[in-house]
Amino acid sequence: MVSKFLKKMEVLQGFICIPTKSRPELIGNTPLPCVTTLNGNPARLDKYGRLWSPFLKGKFPIGYQVHLVKSEQGFQIEPITSKLESAVLRIESRSETGLFGAREKMLGEERKVLFRNLANLPSTTYATFGLYRYPAKFIPHVIAYVLENYAQSCMKVFDPFAGCGTVGVVSRIYGYDYELWDLNPLLETLHSVATLEPKKVDVKKLLHQLATSNEEFVPKWSRLYYWFPQEFLPLLYRVWGFYHSMDDEYLKLLLTIPLVKTTRYFSYDDMQRQKLSKSPKSEQRVNLLLTCDWKTKFFKMVEQETEKVIKRIEDHWMLSPKQTEAIVKGGVDTLSMNLTEEKDILITSPPYLQSHEYIRQAKMDLFWLGHSEDEVRKLSKLEIPYRDVEPQPVHSETFSSWRGEIEENHMRKLFDRYFWGVLGALTRLQEKVSPYLFLFVGRASMRGRPVPIDRIFAEHFVELGWVHEGTLIDTIVARRMFSYRINPATKLKDRRTPVENLVILRKP
Ligand SMILES: C[S@@+](CC[C@H](N)C(=O)[O-])C[C@H]1O[C@@H](n2cnc3c(N)ncnc32)[C@H](O)[C@@H]1O
């Protein structure tokens, strides 16, 4: 570790000169020049032992004392001058260099938080928040924090990438009207189940009807035999036949998640993985099922899951949800939708680069719920970042510098598609939103380096006239967001950091 005071040229030009005596420790035998990272941002070491990064340009005032540390991930720089001294130095350096104008001054502070401790909800999977394992879903505490601290009565909340609809469920608890959109048609069903009122239900009778029904439903899916052993299919056709013939909408919704979950358990899908995929472990599970009384086990599981859903609905009711106005649109493309009314708060968690494939992950459930192969294929082709997008302006230096360093065409294409898609849609939608935008994203990695998506978002919206109030950095505790140690696609050690960032923007 090295500590040093930053000189004028270093601050102005965005580099840090590693003192000669510290080079063995920080550079060692690494051939120079070379590419590296600084606090997760692109950086390079030149042949003179100077560490360059756009991230450093104007980041700290002249005379500021910093620690520079070398880790497995690259370099880390940390300020060690006290806050008071830094404020003084900042003012001095601004007048001396005229540099801390423009963008740096306008980006707010980053602060570490634990959202779990900031909002008053029992747990992240409490009540109907834990009904379904939707990939990368919001922890409800983030939305609760936003609504408790920023919302005022009669405000309207909007989430254009709503996933399973967590924003809607929390908005209802806090008494706000909301609108939700998502490409995934599951949104409508999951949101409807999560907001059901508790009712007395005769579960035994329902299960008896399910087990004795003669209705049949065969999903329109050519890969059915790949995903299920033949033995299970007649039973699955019948239980889903019963489901699709049900007139009682309440009971139908109640049965949806138990049937979806149990059906998956009886499939070859490895449910521990982020994507629909077979594994030796999942094949073993199915083979074991085939050796036991699997019919009884199937109905037992559905019964237990139904009891759990009923309990979760009762718990949800204890949180006193209000009768608010809700617009919920699943199966829609946010890139081509327009808002028909003004909103006060846009809070959303868009996809994190290529971390997930939402439609691929959901398709087994979608087929059993009655969606056709053609429909699912069309939806997959609209998913960000796997679709073509017209180029859109991205007002961010960080975006440009990252883009400039991507060598592989296909990676640059994915990078472009992601930012053009998400920022293109949000730029259009923000015109009808005032005063708040809240964007929640993780730093998904590309070629093993975490991309500062939140910073790119903040810079872009500041350029559009929004004020960046700050970014809250939350440590992911329970989620399996970034679980890979070796990225299977790149075979590189994955440096995805287990944090997610809430970018807070206000229209002045
Ligand atoms: C991080 S998830 C949102 C999770 C959500 N916050 C929750 O609590 O469940 C991102 C979502 O973006 C959606 N998405 C991807 N491409 C889309 C598109 N073109 N239009 C609408 N939604 C899209 C995915 O289906 C996914 O649900």
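A residue counts as buried here if 20 or more other C-beta atoms lie within 10 Å of its own. By that criterion four of the five residues of strand β4 (residues 41–45) are buried, so this strand is largely enclosed by the rest of the structure. The model in which this is seen is a predicted one.

**Overall make-up**

The protein contains 19 helices and 17 strands, and of its 508 residues 39% count as buried. Among contacts between residues at least 6 apart in sequence, 74% join residues at least 24 apart.

**Strand β4 and its partners**

Strand β4 is paired on one side of the sequence with strand β3 (residues 34–38), to which five bridges join it in an antiparallel arrangement, and valine 35 has arginine 44 of β4 as its bridge partner. These two strands form a hairpin with two residues between them, and asparagine 39, which lies in the turn, has a positive phi of about 50 degrees. Strand β4 is also joined by two bridges to strand β5 (residues 50–52), again antiparallel, with leucine 45 having leucine 51 in β5 as its bridge partner. Here too a hairpin is formed, with four residues between β4 and β5, and glycine 49 in that turn has a positive phi of about 80 degrees.

Strand β13 (residues 433–442) is mostly covered, since eight of its 10 residues are buried. The table lists its pairings.

| Pair | Bridges | Direction |
|---|---|---|
| β12 (residues 343–348) and β13 | five bridges | parallel |
| β13 and β17 (residues 499–506) | seven bridges | antiparallel |

**The nonpolar cores**

The largest nonpolar core has 103 residues, of which Val142, Ile143, Val167, Phe419, Leu437 and Phe438 touch the most other members. Helix α18 (residues 409–429) supplies the largest share of this core, with nine residues. Why does this core lie between domain 2 and domain 3? Domain 2 (114–195 + 321–362 + 423–506) and domain 3 (203–316) both give residues to it, so the core lies between them. Apart from this core lies another, of 16 residues, including Phe15, Ile18, Leu51 and Ile77. Leucine 437, when its neighbours within four places in sequence are left aside, is in contact with Leu346, Gln430, Phe461, Trp466 and Leu505.

**Lysine 432**

Is lysine 432 buried or partly exposed? Lysine 432 has 14 other C-beta atoms within 10 Å and is therefore partly exposed, because burial requires 20 or more such atoms and exposure 12 or fewer. Lysine 432 is placed in the loop between α18 and β13. Not counting residues up to four places away in sequence, lysine 432 touches Leu339, Glu342 and Lys343. The C-alpha atoms of lysine 432 and lysine 343 are separated by 6.3 Å, although the two residues are 89 residues apart along the chain.

**Ligand surroundings**

The ligand is surrounded by 22 residues, the closest being Lys137, Gly163, Thr166, Leu183 and Thr334. Sorted by class, this shell consists of 13 nonpolar, five polar and four charged residues.

Key: Residues are numbered from 1 along each chain as its sequence is written. This is a predicted model: local features need pLDDT of at least 70, side-chain atom pairs count only at pLDDT 80 or more; totals for chains, interfaces and linings use all residues. A nonpolar core is a set of buried Ala, Val, Leu, Ile, Met, Phe, Trp, Tyr and Cys residues joined through C-beta atoms within 7 Å. Domain bounds come from an automatic or database domain assignment. Two residues are in contact if their C-beta atoms, placed from the backbone, lie within 7 Å. A residue is near a molecule or strand if its C-beta atom, placed from the backbone, lies within 6 Å of it. Ala, Val, Leu, Ile, Met, Phe, Trp, Tyr, Cys and Pro count as nonpolar, Asp, Glu, Lys and Arg as charged, and the others, Gly among them, as polar. Two strands pair if DSSP finds at least two bridges between them.
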